[in-house]
Amino acid sequence: MNRSNSGASFDIIHIALDFMVLMFSFALTHIIWGDDYSYTSAEWRFVVSLYTVCVIIFLLTNRTANIYNNTIFFYLDRIVRRESFSFLMATFCGVLILYNTEAVTVYTYYLIRLGLVSYALVILENVFFRRIIDRFIMRKHVPRVVYVGSKDSYNKFRYFLQKTPTQVNEIGYISYDDDDDSIEYIGKLSDIQNIIRKYNIDQVYILQKREMNTRYIQRYVDICIEMGVTCRIIIDTFRRRKAFSYVSSIGTYPVYTFHTVSMNGWAKMFKRLFDIIFSLFAIIITSPILIITAIAIRLDSPGPAIFKQVRVGKNGRHFKIWKFRSMYVNAEEMKSQLMDMNQVKDGMMFKIKDDPRITRVGKFIRKTSIDELPQFFNVLFGSMSVVGTRPPTIDEVKKYSVRQWRRISIKPGITGMWQVSGRSSITDFREVVELDTEYIDNWSIWMDIKVIFMTISELFVHKNSY
């Protein structure tokens, strides 16, 4: 028989409690203030329908935020913050619906009271009622559990588990092969069959050692399966280092994923949408500057107005970057003669002050960053992002170490942490890598917006831009 596990981590108690509290909020509001409003039956049906829609949106937003996942760490401030956001989303949708009705003023004051009561009771539920239900009422229904592993791993995992809504009745821990005189110790793994019988065990958590043979563990997993006891393997085969991780499955294969870049599909979609809208807006607004600059470049020195160069993008992909030409057409040939003047240590990037290859117009458009404006077309077509890491040349990437390669694990950007944190004043490439990896590790939509505002500030100051 195939049993789906799609809802195995779903906290049905929490969603039911949220729903009941919200229904009670409506009833309480109606009892207290219902007589103050002489609504017709049709108007009351509208109020009930609107509130029901808001409740559904609230529950779905909570679900998206993993509020109803029973493995999430239950830190009260985190839960309250996420539930508050869900409540604001539901309220916003309710307001949109309400203000499309003709009799908006008829319902406003009642719905404000209903919203305040609902929010207050939802927060009180999370602060008090939910813990009471979890810790006392549901306690007698929780599974009897033993842990297999060392005393240290047992204590660490138990500490993490207690931070989640998952409730278990801890019977003790089983060692792999060592005796222990602690109170929690109840035997060795080789005697697991008798331990299951003696203590009426429902679930076994095996805390895997990194050097442990898989076939050794499989023997005891088979015993649990044959006895109808749930067995959970706590994977500790790999060190996470600084990576994030999550567990999923493809078919019958469990997949353990390590990642340092954002894997959130909604966030990536929003970032791409933001790039498209922002680049289109920037191209339209700066179109007069684009035209004037192109004419000035052609009049100042022979050659095309647009400079195209192959750069390295996400995970080593090549693309052509577009910039206004700020140098003479033979600049690449002159570069080899100027390598001794490079101010960036280790030659990982090429930067020199008062570069003789730069034209008169080139000095101005570099100082004002106008030379970067054509890159908004790169953003629009998807090879770059508005905010990211500086796109390196092919020669630079050939010199990258393993750690330095990580800075191209995302799309390159027109601006980024390096540009707003010193730019040309930074002569150590290690600092550039640190700034880029800091951005990758802590990326959010709000960080992108912050970097954009910092970039605009830098443009007005004209610091460190040669």
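The model is predicted, so local features need pLDDT of at least 70 and side-chain atom pairs count only at pLDDT 80 or more, while totals for chains, interfaces and linings use all residues. Residues are numbered from 1 along each chain as its sequence is written, and side-chain values use heavy atoms, with hydrogens and water left out.

**Aromatic pairs**

Rings of Phe, Tyr and Trp (its six-membered ring) pair if their centres lie within 6.5 Å; planes under 30 degrees apart count as stacked, over 60 as edge-to-face and the rest as tilted. The count by this rule is 14 aromatic pairs.

Helices (H or I, at least four residues) and strands (E, at least two) are DSSP runs, numbered from the N terminus. F58 lies in helix 2 (residues 41–64) and F87 in helix 3 (residues 76–98), 29 residues apart. Buried means under 20% relative accessible area, exposed over 50%, partly exposed in between (1.4 Å probe, protein chains only). F58 is buried because its relative accessibility is 2%, and F87 is buried at 14%. Ring pairs also join F58 and F87 with Y119 in a cluster.

Y147, in strand 1 (residues 144–148), and Y205, in strand 4 (residues 203–207), are 58 residues apart. Both tyrosines, Y147 and Y205, are buried.

Two strands pair if DSSP finds at least two bridges between them. An open sheet of five strands runs in the order 3-2-1-4-5 with parallel pairing. Strand 3 (185–188) and strand 5 (230–234) are at the edges with a single partner strand each, so one side of each has no neighbour in the sheet. Strands 4 and 5 pair in the parallel sense over five bridges, and I206 has I233 in strand 5 as its bridge partner.

Contact means heavy atoms within 4.5 Å. Axes are lines fitted to C-alpha atoms, for helices over the stretch in contact, and angles run from 0 to 180 degrees between N-to-C directions. Helix 5 (residues 151–161) lies across strands 1, 2 (169–175), 4 and 5, at about 155° to strand 2. Helix 7 (residues 214–226) packs on the sheet and touches strands 4 and 5, at about 155° to strand 5.

**T415**

T415 sits in strand 11 (residues 413–415) and is buried, at 6% relative accessibility. Leaving aside neighbours within four places in sequence, T415 is in contact with V386, V387, G388, V420, V451 and T455.
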